[in-house]
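Morning, everyone. I have one model to walk through today. Please look at the screen.

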Amino acid sequence: MAAQLLDGKVLSAQVEEELKIRVDALLAGGHRPGLCVILVGDDPASHLYVGNKEKACDRLGIASTTIRLPADTTQEDLEAEVRKANADPAIHGLLVQLPLPRHLDGAKALSLILPEKDADGIHDTNAGKLMRGEFGAVACTPKGALYMLKSAGIAIGGKNAVVVGRSNIVGKPMAMLLLHENATVTLCHSRTADLAWHTRNADILVAAIGQPRFIKADMVKEGAVVIDVGMNRVDGKFCGDVDFDAVRQKASYITPVPGGVGRMTIAMLMSNTVEAAERTFAKG
Ligand code: NDP
């Protein structure tokens, strides 16, 4: 039987509904949450993502500011914009859209964002807190993927979870979140020997690789839960890192691409922004 879909459209709408209630409560108290995105250059995918973030803010009543900088922006100017947004009390969530043009030091710019305004949840401080299980802002994509698992009532504790991909924004925080949920976690990467042996052991398999349809059906255990983080453009269409049609026949649950984890990433960005605003206003 084909796997059940973990539908990012439905689940992200559910998250937004919950968030709208919290934003309305803040607005009723005279407080408006604000998200600021710093966008450098003309990367079309980045412009698309930022447009989707602006729309989500509009739906929820979050004030959205996008600072658009030219592709030849200097490191100094980028850092000055981060500092300005850090100091702006109307901004509670702040992010620098990645990827940045090659001449810019993204890690340095990101490290300047105040951890309490880190909407993407990838600042060193928040990444460190995640290691310890003290959750500050959590990286949006893994946070969204975990929400999908939990909302379907999928048991995580004691399961073998295999994450393929060890990036700082997806793979590593995903592995940490699953570990804190008491899964036994294996983190694979391009140097993993016999990757398929590992993936076939996975009760929960997360693919965050960046290679279209890389995970084939013979790499997946019967009845596994498959979370496809990949977002690849092939012949003008998006597809994931999982060979969806074939793997769907074997898995118990699977996320589609598009309409899966990507939707949840934006919902969790909104969630991190609302949480940051609530923390700020609670301090008075
Ligand atoms: P990175 O390129 O930063 O990391 C890719 C990871 O995959 C690396 O750890 C790499 O290993 C590993 N990898 C690459 N090739 C192989 C291979 N043949 N076998 C095993 N592992 C391999 O990518 P990101 O983590 O940023 O993104 C991953 C994917 O997720 C992309 O498609 C991206 O577009 C998508 N994405 C989607 C989001 C969403 O909201 N849906 C959000 C963010 C990303 P190594 O470290 O050894 O090089």
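Where is R213 placed? R213 sits in the loop between β7 (204-207) and β8 (225-228).

Some ground rules. This is a predicted model: local features need pLDDT of at least 70, side-chain atom pairs count only at pLDDT 80 or more, and totals for chains, interfaces and linings use all residues. Residues are numbered from 1 along each chain as its sequence is written, and side-chain values use heavy atoms, with hydrogens and water left out.

Back to the backbone. Most residues other than glycine have a negative phi, and most peptide bonds are trans. R213 has a positive phi of about 50°. At 38% relative accessibility, R213 is partly exposed. That term covers what falls between buried, under 20% relative accessible area, and exposed, over 50%, using a 1.4 Å probe and protein chains only. D194 also has a positive phi, near 50°. D194 lies in the loop between β6 (184-188) and α8 (195-199). Its relative accessibility is 49%, so D194 counts as partly exposed.

Now the cis peptide bonds. One joins L98 and P99, with omega about 0°. P99 is in the loop between β4 (93-96) and α4 (106-112). Another joins V257 and P258, again with omega about 0°. P258 lies in the loop between β11 (253-254) and α10 (261-283).

Next, cysteines. C57 is buried at 0% relative accessible area. C239 is buried too, at 6%.

Now some atom pairs. A polar side-chain atom of T265 lies 2.7 Å from a ligand oxygen. A backbone N or O atom of M231 is 3.0 Å from an oxygen atom of the ligand. For V229, a backbone N or O atom is 3.3 Å from a ligand nitrogen. Polar contacts here are pairs of N or O atoms within 3.5 Å.

Methods. Helices (H or I, at least four residues) and strands (E, at least two) are DSSP runs, numbered from the N terminus. A polar contact is a pair of N or O atoms within 3.5 Å; within protein, one must be able to donate a hydrogen and the other to accept it, and residues adjacent in sequence count only if both atoms are side-chain atoms.
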